Amino acid sequence: MKKIYLFCSAGMSTSMLASKMQEVANAHNVPVKVAAFSHNKLGDIIATDRPDCILLGPQVKYMYDETVQKYGGENIPIAVIDAGDYGMMNGEKVLKTAIKLIKGNK
């Protein structure tokens, strides 16, 4: 089971997107767990519940470089969610992006 974790400032709007992504995954029998968290929990989560992919909400895009600097060595792909897909709450497209990142990380 692959873990795709979304991080934003508070975790509210990303949790809506995460549940849409989870619905798509479930409908297509894709074995993933999608969850959303506040960005300030990132270090704890990497330490305790290592994700396979880290997606940052567009509203914390400015934290991308810092996140890569801190956690880039963990061999976990890190990306910013496309603002258009985020605005449309396009769970399928964001899920596909995350799966591509995980596959490309092998």
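Student: Where is the place of Thr 67?

Tutor: Thr 67 sits in helix H3, residues 64–71, where helices (H or I, at least four residues) and strands (E, at least two) are DSSP runs numbered from the N terminus. This is a predicted model, in which local features need pLDDT of at least 70 and side-chain atom pairs count only at pLDDT 80 or more, while totals for chains, interfaces and linings use all residues. Residues are numbered from 1 along each chain as its sequence is written, and side-chain values use heavy atoms, with hydrogens and water left out.

Student: Is Thr 67 buried or exposed, and how do you know that?

Tutor: Buried means under 20% relative accessible area, exposed means over 50%, and partly exposed is in between (1.4 Å probe, protein chains only); Thr 67 has a relative accessible area of 1%, so it is buried.

Student: What joins the side chains of Thr 67 and His 39?

Tutor: They are joined by a polar contact of 3.0 Å. A polar contact is a pair of N or O atoms within 3.5 Å; within protein, one must be able to donate a hydrogen and the other to accept it, and residues adjacent in sequence count only if both atoms are side-chain atoms. Not counting residues up to four places away in sequence, Thr 67 touches His 39, Leu 42, Leu 56, Gly 72 and Ile 78, contact meaning heavy atoms within 4.5 Å.

Student: Why are H1 and H5 called roughly perpendicular to each other?

Tutor: The axes of H1 (residues 12–27) and H5 (residues 91–104) come within 8 Å and cross at roughly 80 degrees. Axes are lines fitted to C-alpha atoms, for helices over the stretch in contact, and angles run from 0 to 180 degrees between N-to-C directions. Angles under 35 degrees count as roughly parallel, over 145 as roughly antiparallel, 65 to 115 as roughly perpendicular and the rest as oblique, and H1 and H5 are therefore roughly perpendicular. The contact involves Leu 17, Lys 20, Met 21, Val 24 and Ala 25 on H1, together with Gly 91, Glu 92, Val 94 and Leu 95 on H5.

Student: What makes up the largest nonpolar core?

Tutor: A nonpolar core is a set of buried Ala, Val, Leu, Ile, Met, Phe, Trp, Tyr and Cys residues joined through side-chain atoms within 4.5 Å. The largest one has 19 residues, and those with the most contacts inside it are Ile 4, Leu 6, Leu 17, Met 21, Val 34, Leu 55 and Leu 95. Two or more residues each come from strand E1 (2–8), H1, strand E2 (32–38), strand E3 (53–56) and H5, with H1 giving the most, 5 residues.

Student: How do you know that Gln 22 is buried?

Tutor: Gln 22, which is in helix H1, has a relative accessible area of 17%, and is therefore buried. Its side chain reaches the backbone oxygen of Val 32 at 3.0 Å.

Student: What is the phi of Asn 29, and why does Asn 29 count as exposed?

Tutor: Asn 29, in the loop between H1 and E2, has a positive phi of about 55 degrees although it is not a glycine. Most residues other than glycine have a negative phi. Asn 29 counts as exposed because its relative accessibility is 69%.
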